[in-house]
Amino acid sequence: MLEWIFPTETVGIVLLSLWGILIGASLLVRALGPKLSENATAELKDRTSTWWWIVALLTLAFALGQTATVIVFALISYLALKEYFTALPIRRADRAVLLLAYLTVPVQYAFVEMGAYGFFAIFIPVYAFLLLAFGLVLAGETAGFIRSVGILHWGLVLTVYNLSHLAFLLTLGEAEGVPLEGFGLLLFALIVVQANDVLQYIWGKLLGRRKILPAVSPGKTWEGFALGGISAVALAYGLAPVLTPFTGPHAILIGAGLAITGFIGDVTLSAVKRDLGIKDMGNVLPGHGGYLDRLDSLTLSAPLFFHFTRYFYGG
Amino acid sequence: MDMFWRQMLFAVLIRPVLWFAIGLRVRNRKGLPAAGPAIVVANHNSHLDTLVLLALAPFRALPLYRPAAAADHFLKPGFVGWAARTVLRIIPIDRSGIGAEKALAPVCDAVERGEVVVLFPEGSRGEPESLARFRRGIALLVQKYPCVPVVPVFLHGLGRAMPRGTPLFVPFFCDVAVGGPMRLSDLPGDEVPDALARAVTALGEGLNVGWHEGATGGESVTKDPHSPDRGKKNPFADEGQA
């Protein structure tokens, strides 16, 4: 019956399990409520309800199919890019080029939808990069040129290029008789990376002692990173046979890879925020911050996962 | 345009497009008056200001909202004039120097009709993200109608999305902070504009969102030591003021 709604039955089952976990989490938060401080409870409630929205959006997108999901990712990239440009220092002379930068979003995701790998992989890092930089040259304002080019390119890679790798999983297609279920892969990547975030956070709260990068992100500890990472690897190992064609060793390998790149993406955005002197990139997602605060762990994980899958399982 | 079609235009086109293109982050949206008479006072940095305030107004109260705007600037023939009259439903203000009382007469009429008047007391779009002195007109209104609540609003970022001097619109997240209604009738007339300016600025300070340059009112010099614009006036303000 689930096949009617979702791309495969497995995907449907996993999504429903996510709903189950959410219900459990909400009940847990409600039970813990009286025992925690008011602030902590409010934050937990906010975080959980944001997760409800995220899972709901994902479920809807998956149910509507590949094109809908690609469009949803394009919208997310757009919103993340907008949030990025809003927070970073922009010169007036940059504005026209910024508009062009936004236009790379539909182009890049069109390449994704068409499965045009060559264009998809080259467009932003090579052509958008150089042509938009040229646009800044034409704007004529050379004071702060280097900085603006850096901000522009960094933003495009962070929010558009890297995220689009996740969407491209949907069009990887079949290879050598092993059907690649794009939705399953996508769901696997999302779950492992986000769970890694949550697990590193929880372990950090429970047993965190020695800080990893105190100057950048005071909340991160070695204990949180290591234990959270190991938990994420265990999760990957357990989840892989359900959603992916990965073998056991591959699952462990990619689980570890995602745990590391998830951490890297997170602290990289923290460094950006420290430089700007802000705590969150926005306040759109209650309890989490802005779109980028939720997406940061995906930015490096997405291409890694994509290329890992493509390398070992073709497509 | 029929009121119904205007409501539809806002609901179906203007609000969704604004949400998508700008993504307004609003604080205390309920503070916007749902019934007249009332005066809404906001800082002014972009042509988008009026549209945004109307789009945020409580839907049912939208027909009551009347932004005051310069007659010479907006009542041109063609699309601008049509949009100003029928979509924005402006109250035209005569700026040709006939005196504050006469210029504000249509605004007074609107207040007496029980409408919600939207004013930009700076007079014209200033340098983005800096607040010019509020003009006297608002003081005259407050003294004439002491019982009408005045609601301060702080708009932030619209001057970056579409600043003065260009129709080129670039998407950014923008913020709106709506204050509580004020009754300024016990203040002496010449203190009213400054009190309001302070209220609007204070609303701005309450917003803390990744803004980097010249965050709130009055401050247009970038302090960031690494910025190439350091010490320069706000880099968005390359145009002179009208």
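Predicted model: local features only at pLDDT ≥ 70, side-chain atom pairs only at ≥ 80, totals over all residues.

Visitor: Which residues touch the most other members of the largest nonpolar core?
Guide: They are A:F85, A:Y109, A:L166, A:L187, A:F188 and B:V153, in a core of 128 residues. Helix α7 of chain A, residues 145-168, provides the largest share of this core, with 12 residues.

Visitor: And what is A:L166 in contact with, leaving aside its neighbours within four places in sequence?
Guide: A:L166 is in contact with A:F73, A:L186, A:A189, A:L190, A:L298 and A:A302.

Visitor: Changing topic: which residues form a nonpolar patch on the surface?
Guide: A:I122, A:V126, A:Y127, A:F129, A:L130 and A:L131 form such a patch, with about 560 Å² of accessible area together. Among them, A:F129 lies in helix α6 of chain A, residues 117-139, and counts as partly exposed at 30% relative accessibility.

Visitor: How many salt bridges are there over all chains?
Guide: A search of the whole structure finds 10. One of them pairs A:R294 with A:D197, whose closest N and O atoms are 2.9 Å apart. A:R294 lies in helix α11 and A:D197 in helix α8 of chain A, so this pair ties together parts that are 97 residues apart in sequence.

Visitor: Are those two partners buried or exposed?
Guide: A:R294 is buried, with a relative accessible area of 11%, and A:D197 counts as buried at 13% relative accessibility.

Visitor: What else lies in helix α8 of chain A?
Guide: A:Q200 lies in that helix, which spans residues 182-207. A:Q200 is buried, with a relative accessible area of 11%. Leaving aside neighbours within four places in sequence, A:Q200 is in contact with A:G224, A:F225, A:G228, A:G229, A:A259 and A:F263.

Visitor: On to chain B: how many helices and strands does it have?
Guide: Chain B has eight helices and seven strands. Buried residues make up 57% of its 242 residues.

Visitor: Which residue forms a salt bridge with B:D175?
Guide: The partner is B:R25, with the closest N and O atoms 3.0 Å apart. B:D175 is in strand β7 and B:R25 in strand β1 of chain B, so the pair ties together parts 150 residues apart in sequence. B:D175 counts as buried at 2% relative accessibility, and B:R25 is buried with a relative accessible area of 10%.

Visitor: And which residues do salt bridges with shared partners join into one network?
Guide: B:R66 forms a salt bridge with B:E115, at 3.3 Å between the closest N and O atoms. Both B:R66 and B:E115 are buried. Salt bridges that share partners join B:R66, B:R113 and B:E115 into one network.

Visitor: Lastly, how many disulfides does the structure hold?
Guide: The structure holds zero disulfides over all chains. For B:C147, the nearest cysteine sulfur is that of B:C108, 15 Å away. B:C147 is exposed, with a relative accessible area of 62%, whereas B:C174 is buried at 0%.

Notes. Residues numbered from 1 in each chain as written. Chains lettered and ligands numbered in written order. Heavy atoms only, no water. Core = buried A, V, L, I, M, F, W, Y, C linked by side-chain atoms within 4.5 Å. Buried < 20%, exposed > 50% of the residue type's maximum accessible area, 1.4 Å probe, protein only. Helix = DSSP H or I, 4+ residues; strand = E, 2+ residues; numbered from the N terminus. Contact = heavy atoms within 4.5 Å. Disulfide = S-S within 2.5 Å. Patch = residues over 30% accessible without salt bridge, like charges linked within 9 Å, V, L, I, M, F, W, Y side chains within 5 Å. Areas by Shrake-Rupley, 256 points an atom, 1.4 Å probe, with all protein chains shown as cover. Salt bridge = Lys/Arg side-chain N within 4 Å of Asp/Glu carboxyl O.
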